[in-house]
Amino acid sequence: MRRYAPASVVSVLDDLLDEPSLSAGVLHHRVIPARTAVSVPLPAWLDPRIAAALAMRGIDDLYIHQAAAIEAVRAGEDVVVVTPTASGKTLCYALPTLQALAEDPSARALYLFPTKALGQDQVAEFSELARAAGLTVSAATYDGDTPAPIRSAIRSAGQVVVTNPDMLHAAILPNHTKWFQLFEQLRVIVIDELHSYRGVFGSHVANVLRRLLRICAHYGSHPVIVCCSATIGNPGDLARTLTGRTTRLIDRNGAPAGERHLLFVEPPLLDAATGARGSALTVADRWALPFLRAGRQTVVFGRSRTAVEILLTGLREALREGAGPRSRVRGYRGGYLPSERRSIERGLRDGEVLGVVSTNALELGVDIGRLDVAILAGYPGSIAATWQQFGRAGRRQGVSVGVLVASGSPVDRYVVGHPEFLLDGAPEEARLDPDNLHVLLAHLKAAAFELPFEPGEMFGPASADDLLSFLAEEGHVRQAGDGRWYWSSENFPASEVSLRTAAQENVVIVDTTPDRPRVIGEVDLFSAQTLVHEDAIYLHESVQFHVDTLDWDERKAYVRRVDVDHYTQADRAVTLKPLDVFAEAPITGGRRIHGEVMVASLATIYKKLKFVTNENIGWGRIHLPEIELQTTAAWIVIGPDAADVGPGGGWRRDELDVALVGAGRAIQTVASVLLMVDPRDLGLVTQVRSPHQEAPTIYLYEAVPGGVGLAERLFGRTDELIEGAAELIAGCGCHGGCPTCTGPRLEPDVDAKALALRLLQALGADLPQAPRIGTGRPR
C-alpha cells in the first residue's frame, strides 16, 4: 500500500518525469533560474518606529520598486506598481499609510481589493506591522460579512478602511454623510490587483472611482492613488482609464525568486480519428497526488465550480485508497460560506491544509503562505491569469513547480502546442470601457443620488448635462431653479447595479437534509440555470447534493445530500438578433459588420456524466425562463460568390452548416488569442441563412451587457481572424476535424476540416502549411 512519505519537490518531479505514462504527455519543460534581489537602504524620512518594525521582520532595506513607489507617493504622485506575484507590493502602500498615520493620527486611508478574502488578509498583515511599530491604528474590513455594531465603529473611528468595490458602490458612497471623517481626511486610496479590473467589472469600477473622487472633492480631500498590478501589457493606460488621472509607472522589479520548473502537458490521445483525448481533470489529479503524498503544499486550479468539485472528489478518493493526507485537502471557490473560506486560508498559512483545489478565487494575492506546486487543469484564459496561478507556488525562495494541463478546448491545445505564446509573448492588455452608455447612466444616477450636479459638471469625458436631461425625462432627476440637478426618484439607484454580473440577484442554496434546513452557498442567476436546475447534481466540498426544487421566483434552490457516481452538465440554446449597425465594410467573399445585438440564452437539457470516464448515462429537460443580453458583436456575412446554396450552387445546405460552425469555432479561438481575452468573453452564433442578413453569417458577440469594446477590435482585424483560423485548422493533425480546430464532430462521416477550410479560402485565406499543433517536445 502506498504511504504518505515526505520528499523534496525536485525528487518528486524527477519521479514523475520517469513515469512513461505521464512524461509522454509533457510537450515542453522550461526551467526559469533563480533571481537575486536588488535593494536600496530605507529612506531617512521613514519614522524610526516603522523602520524598527521592519527590522524585526528581517527587512533592513527595500527592493528598488518599493523604494521608488514610496518616494513617489510622498511627493504626491499617483503610482501604478507592476511586479510579479510575491514581490512585496504590499509595502508600496503600507509604508506610506503608516508614515501618514505616524505623522497625523487623524489621517485616513481607503484600501480597495476585488475580493473580500483578500481584504481581510491585508487587514491582518497591516495591523501586525502597525503593532510591531508601536502605533495604535484602527484598521478594519468593511464588507458584507461585517456585523452591524462593528460597522458603526468603523465609520466613526476607522483609520484604515479595507473594502471591495461592491461595498464602496452600494454601502459607503450612497451613505457618505455617515463617513465624513473618512472623506475629509482621506490621504491614500489603494487599488490592489489592478489587472482584475477589466471588462464589464472594470468599466463599473472606473465609474465607482469617479463617484468616489467627486465625493472626496466635496469634502475637500485630495488623496494619492496607489495601484498595484500583476504583469499586464498596458498597466499605465489601465490605471489612467480606471482612475481618470495621470499615474507614474513603476515596473522595475527588485525582488528575488527561486528556481521554477514549468511543464506544459496534454492528456493522452484516445482516438486518432476524432482527436479525442483523456480528461484534463484526471491528468491534473495524477500530477498532484505524488506531491501531496510527499507533503508538498499544492494548489490545483479548475476553471469552473464543477471542475473544482470533480478534482477534489478524485484527489480525496485516491488519497483514501493510498492512505494519504485526505482530510488535509480542501476545496475553495465562490459559493462557499465566508467562514469556510477563512478556515481554508488559515490552514494553508499554518500548514494544516496541505492541498487546495480552487477556481480563480485564489488567483489573486490572498496570503496562503508558501506553496510548492501549482497545477492548472486547463488554460485560465489569459497570459496574466496563467502567471498569477503559477505564481501561487514559490511565492518565497525555493524550487517550485508549475504544470499546465490542456483541456480539450482549441485555445488550450494551441497554448500547450505553442509554449512561446505564454513563455515569451507579451502579456495581454486589460481593456475596459467606462463610457459604455449602460454603465455610465447607471452610475450617473447613483452619483446624482449622492450629490447634486452643478450645471456643466463633468462626469467622465464630458459634461453630464445631456445625460442628466435624458434622466430627467425618465423622472429620475430634476433641474432646480439654481440650475443644479437633484435626484427626484424614490428608488435607491446603487442597489439596481451589479458590478460583476449581468444579473443582480443570486440564488440561495438550501440543504434540506438535516432537521433544520441550512444555507450552504449561493450562485448568480445566469449560472443558476446550469448549476442548480431541478434534478441537477450540485457539488459542494466534494459532497453531492440533488436539486429537488428550484424556486425561480423566490431565488432559492432546495437540495438534499446524495451519493451517486455521476455529475450533471447543462447545455444552452443561444439565439441572436441584430439591433443596429455601427460600421460595415467589404471583405473578400462577403462583408464585415460591427453592431448591436440581442442575445437570448435558454438552458435546454442536461446530461448525466460519470466521474472519471465522463460517460453519458442519461439526460433530462430544463424548464426555466430565457435570459436576454443586449450587447455588441462583429459578424461576417458570406456573399453568394463564396457560399451559394441550392440548385446550381457550389454548396449543399448541410455542408455549409458544418463549414460555418467549423470556421466559426476556429475564428472564435483565434479571436481570443489575438485579443488576449478569456474565450468565455466571446460567444459564437452561426446561421446558414440569417433572417436579418438573408445570407450565411458568423456572429461573434461579447458576453457582457453593452460590450466593452472587443467587438470593435474584432471588426478591425477580420482579415487576421480569417487567416489565423485557416492556419489553425490546416495545422491541426486530425483527420476531418476535431475539438482542437473545428469543434466536436457531430457528423462522423463529414469532413468538417475540409469544408471549413474551403469556406475560409473563399473569404480570402491562404492555406498555409503550418506545423501541427501539439507536436512540440520538452526541452
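Visitor: Is D535 buried, partly exposed or exposed?
Guide: This is a predicted model, in which local features need pLDDT of at least 70, side-chain atom pairs count only at pLDDT 80 or more, and totals for chains, interfaces and linings use all residues. Residues are numbered from 1 along each chain as its sequence is written, and side-chain values use heavy atoms, with hydrogens and water left out. Buried means under 20% relative accessible area, exposed over 50%, and partly exposed in between (1.4 Å probe, protein chains only). The relative accessibility of D535 is 37%, so D535 is partly exposed.

Visitor: Where is D535 placed?
Guide: D535 is not a glycine, yet its phi is positive, about 75°. Most residues other than glycine have a negative phi. Helices (H or I, at least four residues) and strands (E, at least two) are DSSP runs, numbered from the N terminus. D535 sits in the loop between α20 (525-531) and β23 (537-540).

Visitor: What is the relative accessible area of R555?
Guide: R555, a residue other than glycine, has a positive phi near 60°. R555 belongs to the loop between β24 (543-551) and β25 (556-562). R555 is buried, because its relative accessible area is 17%.

Visitor: How many of the 14 residues of α18 are buried?
Guide: The buried residues of α18 include V439, H443, K445 and E450. Their cover includes α8 (165-172), α10, α19 (465-473), β19 (477-479) and β20 (485-487), where contact means heavy atoms within 4.5 Å. Helix α18 is largely enclosed by the rest of the structure, because its buried residues number 11 of the 14.

Visitor: Is α10 parallel, perpendicular or oblique to α11?
Guide: Helix α10 (residues 199-219) packs against helix α11 (residues 235-243) at about 55°, with axes 7 Å apart. Axes are lines fitted to C-alpha atoms, for helices over the stretch in contact, and angles run from 0 to 180 degrees between N-to-C directions. Angles under 35 degrees count as roughly parallel, over 145 as roughly antiparallel, 65 to 115 as roughly perpendicular and the rest as oblique. Therefore α10 is oblique to α11.

Visitor: Which residues touch the most other members of the largest nonpolar core?
Guide: A nonpolar core is a set of buried Ala, Val, Leu, Ile, Met, Phe, Trp, Tyr and Cys residues joined through side-chain atoms within 4.5 Å. Among the residues that L404 touches are F264, Y379 and F390. Of the 70 residues in the core, those touching the most other members are W287, I375 and L404.

How values were computed: Lists of a residue's contacts leave out its neighbours within four places in sequence.
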